[in-house]
Amino acid sequence: MSRVRIVLFATLVLVLVAIALITPATSQTPKSGGVLNVMLREDLSQGFSIHETSTISTVWPAMPCLSNLVLFDPLKKTESVDTIIGELAEKWSWQDNYRNLVFFLRKGVKWHDGQPFTSKDVKFTFDMLREAADAPAKLRINPRKDWYANVEAIEAPDPYTAVFRLKKPQPSLLLMLASGYTPIYAAHVSPANYRTACVGTGPFKVKEWRKGEFVELVKNPDYFVKGRPYLDGLKYFVIVERGTRQAAMQAGKLDVSFPGETTKTAAEQLKKAVPQLVVTPYSQNVTDNIIMNVKKPPFDNPKIRLAVSHAIDRRALIQAVHQSGAVVGASLAPKPWGLWGLAEKDLVGLPGYGAKPADEKALARKLMAEAGSSPEKPLKVEIVTRAIAIYVDMASFVINELKQIGIDASLKQIETAQWHAMATRGDYQLGANLTGIGPDDPDANYYENYACGSPRNYSQYCNEEVMKMIDAQSQELDPKKRLALNYAIQKKLEADAARPILDWKIDYFTVWPHVKNLIPHQSIYNFGRMQEVWSDK
Amino acid sequence: MKTYVVQRLAIALLTLLGMSVVIFTLLRLAPGDIVDILFSTAGYVSPSEKQAIMRELGMDRPYWVQYLDWLRQIVTGDLGKSYRYDQAAWPIIRPLVPVTLELAALSILFAVLIGVPTGVVSAVRQDTTLDYLLRVFSLAGLSMPAFWLGMVIILALVTWFAWIPPLTYVGPTENFKLHAVQFLLPALAVGYRSSALIMRITRSSLLEVMREDYIRTAWAKGQTGRVVIWRHALKNALLPVVTVIGIEFAFLIGGLVVTETVFNLPGVARFLVQAILWRDYPVVQNLVMFIAVVVILSNLLVDMLYGVLDPRVRYGG
């Protein structure tokens, strides 16, 4: 062989090796079969009735049984209008300048009890949710009624078309419809029935719910997406004790952890024990925040509210309380964890985000002095929080920070049974709170937590200028303009210390390597459908 | 004897009636109710919706009406409806009962099997190295909470064998081996603690009996150590031990909560705590009454056993 040929051959080999190295591995072909064991940290609080609760303990095991009109693509980690796919709706179309949203429904879909799915079910569900005057059914608890305040009517002109008529344009409505919080209920089943059983159209059917022990689901052979689900079944195990949950994960008795369960430290311990475990950090869409009752002294004084916000060193809190398992951000999840939030560089200049914590504290002390308090003559207040470790840890940190600016806060722990009633009544001065948000969209957050008169606006902050901005962003059709408006709103809310955000929590979602296609999104509430998940065991 | 049992049962009924008042009152005195919890999971509160749910659950009625209604349900064998699960309470409670009874019985069995022989040996070999070792063993059992030992067992299993017991209840007919493993580990953890108490009581009681004249007489008559200790001394020393076993068993029925939680066993105690947290009045009331019944019956059984163990005990009538 000539030298030229040898060189050519060697070059060819090298090129092939290089190609092999830089080309990503071909994704594996999904396999059918198998049952996944999934973690639940408490029993389902309202059975499968997602519409009557906000807790992930219900949404996570109930999602596989139900279907939405549309859903955030389970295979994409980003939730946006571009990643929405049809479920019960085959197609949809905005009409009349975003005033009418028309859904064209799939034909031949059956409920788990064999009844056909039609537009009547869609109308039934959303009339019930928005509490229309002529709604044929009523939920006993309806936490997301406000989401549909802009819906004027739901029409079902034929069995496979449903029309949402809106009072004013609201492009973000589609994102709320794509959330795990928005399944369609069967019109022929009482909503109360979902507290004990699940008649859905989802990829899995409920086989057995043994109270306090497990929920078992099996593949729905009549599922409307051909070839799905891949799995034969899912079994959600209720394990109340955290140490046992972690041991079960480590021992391989569980394949999938619980969303929002795994802290950074826990994930590190698990990885150390079982290096092959797959850990994916993602935003829980849950914030630590401070609620200050603006209707009661002393927090009716904006200077004191602002002083509180300046005083709390967010970065130190993240290190001390979350062992770096959280990130700073304003009222919407920051990039890259969310789409709408202010980045860390944009937070500079807002209360509590200054480069030097000492300067922030000095500013806070100055504000307190103007309000008539000082470290020598401290302002005595009571800080309430839920009697749960994650709340108490945060509250303890805040108390220490406030002490340095002349606020002497005493901690009062409130039982879960009383917490929301107390917060809604405004029966407190200062509180250390956690807030979970469904989809990563401004409307879902602002109307719930900052709108005047909203029952979840615990601070009772009400600013007409901000409300106008919130309405404007909701109706804005240009995504860039909407984003800019949202940046402005976030800055305004932080500058007003409406509900100072301390951090955005990160979950370290853990699965065994044979679990495929289970991709965490930007929110814990939206990726539990499991239709694309398969097991490579 | 018959009259005594009837008297005791009559007193038990009165005790249960008193218990029912205490349970009912204490539950209502605890802050918050099921409706608050339901709203808590939804993250908001609406006073008008709260009123509607209170009405639906019958919680808006006067307390005395609710109390009498509960008594009527007990008498008719209807345990009402779980507020949390929105379905009849009995089908929820029924599968929990055998789990707890089995765990408590196995724990007591372990406790007796370990506690009585070690107590006897310790007493017979008083102030020897073996006695000191056994006393340290028992003191360790008393000092170690069962849930802590349970968690250590779980962690040891997962660290060394990458294995833990089943996460859900496995019935004995379903898979006997797994069933046995599932119960043996928590029963050992709980039984060790109880055995420590039994060992100490056995030891002190036996030491006391060994100093009695009739034991000295037995020795003087040249009877063997085995006969003196097992036939004469131990039988008379067992009365306080039986009392402790009875109390321990009764305590375990309600006191297994942490062990059931750590080993993820679906028993009465673990479920009761969840029901209390949810203010699920029908479930809590009925489970506490069940525990009360077991306590009363086990005490009655212990009293009956006194007559068998000590012929001097006679039941009036």
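Student: How many residues does helix H4 of chain B have, and what does it reach from its first C-alpha to its last?
Tutor: H4(B), residues 63-76, has 14 residues and reaches 20 Å, close to the 20 Å expected at 1.5 Å a residue. The expected span is 1.5 Å times one less than the number of residues. Helices (H or I, at least four residues) and strands (E, at least two) are DSSP runs, numbered from the N terminus.

Student: Where do the numbers and letters come from?
Tutor: Residues are numbered from 1 along each chain as its sequence is written, while chains are lettered from A and ligands numbered from 1 in the order in which they are written. The model is predicted: local features need pLDDT of at least 70, side-chain atom pairs count only at pLDDT 80 or more, and totals for chains, interfaces and linings use all residues.

Student: Back to H4(B). How many of its 14 residues are buried?
Tutor: One, so H4(B) is hardly covered, where buried means 20 or more other C-beta atoms within 10 Å of the residue's own, exposed means 12 or fewer, and partly exposed is in between, with C-beta atoms placed from the backbone. Just after H4(B) comes Gly77(B), with a positive phi of about 80°.

Student: What about H11 of chain B: how far apart are its end C-alpha atoms?
Tutor: Only 39 Å. H11(B) runs over residues 225-255, which is 31 residues, and a straight helix would reach 45 Å at 1.5 Å a residue.

Student: Where does H11(B) bend?
Tutor: At Leu234(B), by about 50°. That bend is the angle between axes fitted to the seven residues ending there and the seven starting there.

Student: Which residues touch the most other members of the largest nonpolar core?
Tutor: Val241(B) is one of them, along with Met39(A), Phe237(A), Ala307(A), Val308(A), Ile198(B) and Leu287(B). That core has 232 residues. A nonpolar core is a set of buried Ala, Val, Leu, Ile, Met, Phe, Trp, Tyr and Cys residues joined through C-beta atoms within 7 Å.

Student: How many residues of chain A are in contact with chain B?
Tutor: 37, and they meet 38 residues of chain B. On the chain A side, H5 (242-251) and H12 (416-425) are the elements that give two or more residues. H12(A) gives the largest share, seven residues.

Student: What's that side made of, by class?
Tutor: It has 13 nonpolar, 15 polar and nine charged residues. Here Ala, Val, Leu, Ile, Met, Phe, Trp, Tyr, Cys and Pro count as nonpolar, Asp, Glu, Lys and Arg as charged, and the others, Gly among them, as polar.

Student: New topic. How many helices and strands does chain A have?
Tutor: 15 helices and 18 strands. Of its 537 residues, 53% count as buried.

Student: Which peptide bonds of chain A are cis?
Tutor: One joins Arg228(A) and Pro229(A), with omega about -10°. Pro229(A) is in the loop between strands E9 (214-219) and E10 (233-238). Another runs from Lys335(A) to Pro336(A), with omega near 5°. Most peptide bonds are trans.

Student: What is the phi of Asn97(A)?
Tutor: Positive, about 55°, although Asn97(A) is not a glycine. Asn97(A) lies in the loop between E4 (89-95) and E5 (100-105) of chain A.

Terms used
Contact = placed C-beta atoms within 7 Å.
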